[in-house]
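Here is a brief report on a predicted model. Have the sequence and the 3D view open while reading.

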Amino acid sequence: MKTIILAAALRLFFPLFIFFSFYILIRGHNHPGGGFIGGLILVIPFIFHVLIHGAKETQEKLFLKRVYSLRRKEQESDLGYSIRNIGYRLRGLIPWYSRQDKDRVLVKQYVIEPLHIIPVGLSLSLIAGILPLFLGEAFLTGVWAKAALPLIGKIGTTLLFDIGVYILVSAVVLKITMEMSKS
Amino acid sequence: MQLQDNLLLLLPMLVPFIGAVLCIFCWRAIVIQKIIALLTQIGLTGCSIWLLQHVVQQGIATIQIGGWPAPFGITIIADLFSCLLLTAGALAGLAVIIYSFYDLDKPRIRFGYYPVVMIMQMGIGGTLLTGDLFNLYVWFEILLICAFVLITIGGTKQQLEGALKYVTINLIASGLLLVGIGTIYGMVGSLNMAQIAVQAQNLPHMQGLFVVASMFFIVSVGIKAAVFPLFFWLPASYHTPPIAISAIIAGLLTKVGLYVLVRLFTLIFKVEPGFTTDVLLVMAGLTMVVGVLGAASQNDYRKVLSFSIVSQIGYMLMGLAIFTPLAIAGSVYFIMHNMLVKTNLFLVGGAVAQEQGSFNFRYLGGVYKKRPLLAIIFFISAMSLAGIPPFSGFWGKFMLAKAGFESGFYTIAGISLGAGVITIIYLTKIWNQVFLKDKSKDIPVNLLHKQPFKKMLQLPMLLLLTVILALGIFAEPFIHLTMQAAEELLHSEIYINAVLKEN
Amino acid sequence: MDLIFTIAVGLLFAASLYMILHRHLFKLIVGLMVFGLASNLYVFAIGRLTREQSAIIPGDADVAFEPFADPVPQALILTAIVIGFGLQAFAIVLVKRLYQVSDSEDIDELKNTDKIDSTEK
């Protein structure tokens, strides 16, 4: 189902959904919202992407991770090369930095499967549960930091738990979507 | 002290959960997954024994999740009954995990066998230890969905067919369980089982509604435990997956369902002479009879054992229906013994099939000559199942029958003894067909690709056999423990006080 | 209001059982979904219907203002919906795979595992 209108609209709505899901996640402590519903909202644009472009193209466009390195200069020592590479990778973390390097080479590429994200969410929630044990409280007690962050407000283990749920839910739903759209 | 108390009760759930998370992290590395699974199971067994020893010495242990006081938060509680089942389940799980190293095929392991088994163990631990009705439902669903995944792993046509029946009937059961919980909440306004038990005594005008709610629980948990009119999904699905999967499902799941029945009907709904006792007695008797008859009529190792599970469920239900301390103790002992023995019998079948390539009696034979150790393991386990003294099944059946005769339930006690005779018949049939008779000559070609027999397969069976023998020959301390557990179950105020009067 | 909910729950249960007993694979799935919804609605209805406020405590107060709806049934239903979501997703994938393997949508033909000599091995 390849419709241009939907595809163009999705491009606009993609960041909107993502920011809105963050908002729902963070507001969840005192108001309706939270990790589960936030995770579901996060997945909506991805599901639309799968609907429009198909599971295979979604994987290639959104979940294919390419790792580049610099081309090796002649007579360069191992140490110098790896230091230069680390610098290159760090610069790559800046979002709007993309140098059109002619001398970069593709080292490896891999697809980030939802399955790789699921244990991350699980372990975040688990840590949120276990942390209070070491402070002498019961399992899963909410432990709060003294200071509050701007925008987010007070942070505590409940937020960590919610983030875990958020990641887990979005990964699981993504997995189900991918599984069902393959045929 | 606080940390230790918390850990004591949480570890039976946390250990498998951590194991599962680590296993998913190492999704591709099968060898690492195997190591993690083994360590997790050993750790789980250790934790269960630690918890059992603590509960034996100091009585019921409780903690509150999140520090919320009892009727409002979720209570985790361990009494003798749940600890005994937890230990037996962990031992059976350990044996199956070791067995799976040498039997289960690679594609199935790649599909996530170990993480799913770990999460199922977590679900079992949670179901046995929770003190909150809705939490119980959630844990039960967790272990059910793991069972669904396990049954379908591999995706052969037979497996999918069996799984469809299993999933459909269990989804209906889950819906009904939720309805029952909703009814209880609507009446009492609480989900804490101890609080519900207190309120149930204070609401005499609602007794009729309590019976209605109890019927919801009988039907829904009865489906999951495979009691008489609701058992047909079990023989249709349990024999389809490979042995490493069906052994753990067959050994543990129905017994967890039965645990829920015993827990609810000792704590919340008292078994009263009249309606509930009659329903339970009829169900127990018919479950035994139909189960043994089904088992005697089958020609497939796994199917015989699947029907045998059904018949054994009848014995456990019978103890609940008779409702005297001795009968409940018999049930507890029987559930424990059955978890271990049934798992072991399934494992023996898997080892036989690995060498001979079949589960059908027509194509099997001559195992006794070839593998005497395997035959001895089967013989002792089967004698335990049939209830021949001095093996473990005897003590369970003895306690149940004695309790039945003492309290005047002659019919059900008689049925139980008769079913025991037929149990011996179908076990003898397996013994003759699989172990004694010579292997038939005209065997289809596709069954002739024999795998070499792996001697290590006998290791987990010997482990279980040791426990079964100990359970039978040194029965005194175990019977003492189960009697104690039955006393705790029947005097529900001990449980209630442990939950509510803690602070 | 209670009466409407009661009738709705009854109708949903009846419809879902009819669908589950139907011999078409797809209707089985629909039936299972409706069954889950019906039991959720039952829990919602039996937890007392209150048409006032939600149990959210305003920022300047210590307790919520009476009368407020009981939040526990809502929490139960939310959990049950999540569980049901997972189970239904699994059931859909299962039915799809089964349809691919057996090439039939008729449940009556899926009785091989019940026969005595069914195992090919």
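## Contact between chains A and B

Chain A brings 13 residues into contact with 15 residues of chain B. The side of chain A that touches chain B is made up of nine nonpolar, three polar and one charged residues.

## Domains of chain A

Domain 1 of chain A covers 4-62 + 112-181. Domain 2 of chain A covers 64-111. Taken over C-alpha atoms, the centres of domain 1 and domain 2 of chain A are separated by 30 Å.

## Contact between chains B and C

Here 36 residues come from chain B and 33 residues from chain C. Three helices of chain B each supply at least two residues of the side that touches chain C: α6 (133-152), α7 and α10 (233-237). Which of them gives the most to that side? It is α7(B), with 18 residues.

By class, the side of chain B that touches chain C holds 16 nonpolar, 16 polar and four charged residues.

## Overall form of chain C

Chain C has three helices and zero strands. From the N terminus on, its elements follow the order α-α-α. The radius of gyration of chain C is 21 Å, whereas the globule rule gives 14 Å for 121 residues, so chain C is more spread out than a compact globule.

The C-alpha trace of chain C spans about 70 × 30 × 25 Å along its principal axes. Of the 121 residues in chain C, 25% are buried. Take the contacts in chain C between residues at least 6 apart in sequence: 54% of them join residues at least 24 apart.

## Helix α1 of chain C

Helix α1 of chain C takes in residues 2-21, 20 residues in total. From its first C-alpha to its last, α1(C) reaches 29 Å, close to the 28 Å expected at 1.5 Å a residue.

Which residues of α1(C) are buried? They are V9(C), S16(C) and I20(C).

What do the buried residues of α1(C) pack against? Their partners are α7 (157-188) of chain B together with α2 (25-46) of chain C. Helix α7(B) is also the one that gives the most to the side of chain B that touches chain C.

Terms used
Residues numbered from 1 in each chain as written. Chains lettered and ligands numbered in written order. Predicted model: local features only at pLDDT ≥ 70, side-chain atom pairs only at ≥ 80, totals over all residues. Contact = placed C-beta atoms within 7 Å. Nonpolar A, V, L, I, M, F, W, Y, C, P; charged D, E, K, R; others polar. Helix = DSSP H or I, 4+ residues; strand = E, 2+ residues; numbered from the N terminus. Rg over C-alpha atoms; globule rule 2.2 N^0.38 Å. Buried ≥ 20, exposed ≤ 12 C-beta atoms within 10 Å, placed from the backbone. Expected span 1.5 Å × (residues − 1). Domains from an automatic or database assignment.
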